[in-house]
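Subject: Structure handover

Hello,

My notes on what was found follow below it.

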Amino acid sequence: MQKIKNYINGELVAPISNLYIDNYNPATGKVYSFIPDSDEQDVNRATEAALAAFPKWSVTPKEERSRIMLKIAELIEKNLDRLAIAESIDNGKPVSLARMIDIPRAASNFHFYATGILHYASHCHAMEDTAINYTLRTPVGVAGCISPWNLPLYLFTWKIAPAIASGNCVVAKPSEITPMTAYLLSELCIEAGLPKGVLNIVHGYGHKVGAAISAHPKIPLISFTGGTKTGAEIARVAAPMFKKISLELGGKNPNIIFADCDFENAVKTTLHSSFANQGQICLCGSRIFIERSIYEKFKNEFISKVKTLKVGNPADSESRLGAVVSKAHMEKILSYVELAKQEGGTILSGGHQVKLDGEFSEGYYIAPTVIEGLAYNCRTNQEEIFGPVVTLTPFETEEEVLMYANSTQYGLSAIVWTESLTRAHRVAGMLHAGIVWINCWLLRDLRTPFGGVKSSGVGREGGFEAFDFFTEPKNVCIKLK
Ligand code: NAD
């Protein structure tokens, strides 16, 4: 069986301990490869390599950094099918989704930041004829990038690309649950001629590799995407060391459907925003609030469409939902369905594991689940489930639904369906969220700020915000007379 390797100082190497972790295929429930069980020693080695590469990389002309990154983007595109299949096997998501979203976006991340750096400029503040201030923006040094399992290559590259484009060197850790495409990326970086030590990828557990990156005294900057609890732990370790941190954390996003919406479009898109990637996208709208006058109509139409969604082998182009990422995660999701019942909820659709035949009989499949009859403030409606589970709740007034929507500890994204221009702007302004989609979902322009408020995170990714994060501003003041 294949053994994944770490990518350190330009080479693919085994972990120093020579220990490995089983890597499961969620579609079959079987081990299909092994992941390095790296530890602090490997992180130290990767950090030394990054530190050694930094003096040269940080002054490499941006045009040259850009050229190498464009080559990586091109190689990702060239390997689209191979990467999409690998992502699907590792994560359980439909291959069609990985082919359409995950892998093209990974290529776009490199392309976007490879070209973005050519246009990134800093400020100048003139004090009439007295003095002139200009801001230098220099790379910070070694950046620690830690990413989750739900959009593995997509989110991994979303951090690495702006970090290296702006002249940093990187020690990165993908999720131990979905390491394969990060490993394949390391092969592509070698092929593209990325200088050794610029990017180092250390595989392994969060409490070992992730913790060692967060605590490393020579890694002054941490970019993290993952759960809120892990984010809090990273902040606890990094804050006393005065590290720069960017935290993209959990969500419990509201999807608000007003009676004046474009009904067909709202139902169709809500199907995606509820169940794409088995509901394992931090931006999925898991709390659906529907204005009372169209509640029954929306519910009936939505449920009839949910029942047509095929849960199946991720390689089958007919499958709309594949497997959830792990057995532990499947059990967590199903435990929330039980909790919902205890809290008085009625299961309108799904609510159970799906057993497939043959080689898929041990896979982790869950039927798309819709629940109604829950209070807005019960645990099911307040805690992140991160699976194919949504709740339906009626509301009477705008004021009431805003209170429901803003009632959780989270504030990542929100979706609003209305044809009223004034209401759309008013509600968008009043939602506690970093991102609001009106009459759409997951429509992304990579230049826009991306991130959440409250327990959904600190800082923003995207566009020049990422370059601002990965560089340190220095003001230089020159007296003119
Ligand atoms: P997680 O927090 O368990 O793991 C994320 C990463 O952190 C993994 O690589 C893991 O190994 C590492 N890690 C674990 N413990 C660590 C520690 N003590 N120190 C340093 N690193 C550690 O999250 P997950 O289960 O992989 O991902 C799901 C979560 O990610 C959900 O909460 C989801 O909402 C969130 N997410 C957020 C965004 C966003 O943009 N806001 C995007 C995707 C996912």
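In the hairpin of β4 and β5, four residues sit between the strands, and glycine 29 there has a positive phi near 75°. Strands here are DSSP runs of E with at least two residues, helices are runs of H or I with at least four, and both are numbered from the N terminus.

Some ground rules. This is a predicted model: local features need pLDDT of at least 70, side-chain atom pairs count only at pLDDT 80 or more, and totals for chains, interfaces and linings use all residues. Residues are numbered from 1 along each chain as its sequence is written, and side-chain values use heavy atoms, with hydrogens and water left out.

**The sheet around the hairpin**

β4 (residues 20–25) and β5 (residues 30–36) run antiparallel, joined by six bridges. Two strands pair if DSSP finds at least two bridges between them. Tyrosine 24 has valine 31 in β5 as its bridge partner.

The side chains of β4 alternate. Ile21, Asn23 and Asn25 point to one face and are buried. Buried means under 20% relative accessible area, exposed means over 50%, and partly exposed is in between (1.4 Å probe, protein chains only).

The open sheet has three strands in the order β1-β5-β4, with mixed pairing. Its edge strands are β1 (2–3) and β4, each pairing on one side only. β1 and β5 pair in the parallel sense over two bridges. Lysine 3 stands opposite phenylalanine 34 in β5.

Helix α3 (residues 80–91) lies across β4 and β5 and runs at about 100° to β4. That angle is between N-to-C directions on a 0 to 180 degrees scale, with axes fitted to C-alpha atoms, for helices over the stretch in contact (heavy atoms within 4.5 Å).

**Salt bridges**

The count is 23 salt bridges. The rule is a side-chain nitrogen of Lys or Arg within 4 Å of a carboxyl oxygen of Asp or Glu.

- Arginine 67 and glutamate 64: the closest N and O atoms are 3.1 Å apart. The two are three residues apart in helix α2 (residues 62–78), so about one helical turn separates them. Arginine 67 is partly exposed at 48% relative accessible area, and glutamate 64 is partly exposed at 30%.
- Arginine 137 and aspartate 468: 3.9 Å, N to O. Arginine 137 is in strand β7 (residues 131–139) and aspartate 468 in helix α15 (residues 463–470), so the pair ties together parts 331 residues apart in sequence.
- Glutamate 398 and arginine 426: 2.8 Å, N to O. This pair links distant parts of the chain, helix α13 (residues 398–405) and helix α14 (residues 421–430), with the two residues 28 residues apart. Shared partners join Asp260, Glu398, Arg423 and Arg426 into one salt-bridge network. Glutamate 398 is buried at 18% relative accessibility, while arginine 426 is partly exposed at 39%.

**Lysine 252**

Where is lysine 252 found? It is in the loop between β12 (244–248) and β13 (253–257). Lysine 252 is buried yet has no salt bridge. The nearest side chain of opposite charge, glutamate 383, is 8.0 Å away. Lys and Arg count as positive, Asp and Glu as negative; His and the chain ends are not counted. The backbone oxygen of glutamate 383, however, lies 2.7 Å from a polar atom of the lysine 252 side chain. Not counting residues up to four places away in sequence, lysine 252 touches residues including Ser286, Arg287, Thr408 and Tyr410.

Best wishes

Key. A polar contact is a pair of N or O atoms within 3.5 Å; within protein, one must be able to donate a hydrogen and the other to accept it, and residues adjacent in sequence count only if both atoms are side-chain atoms.
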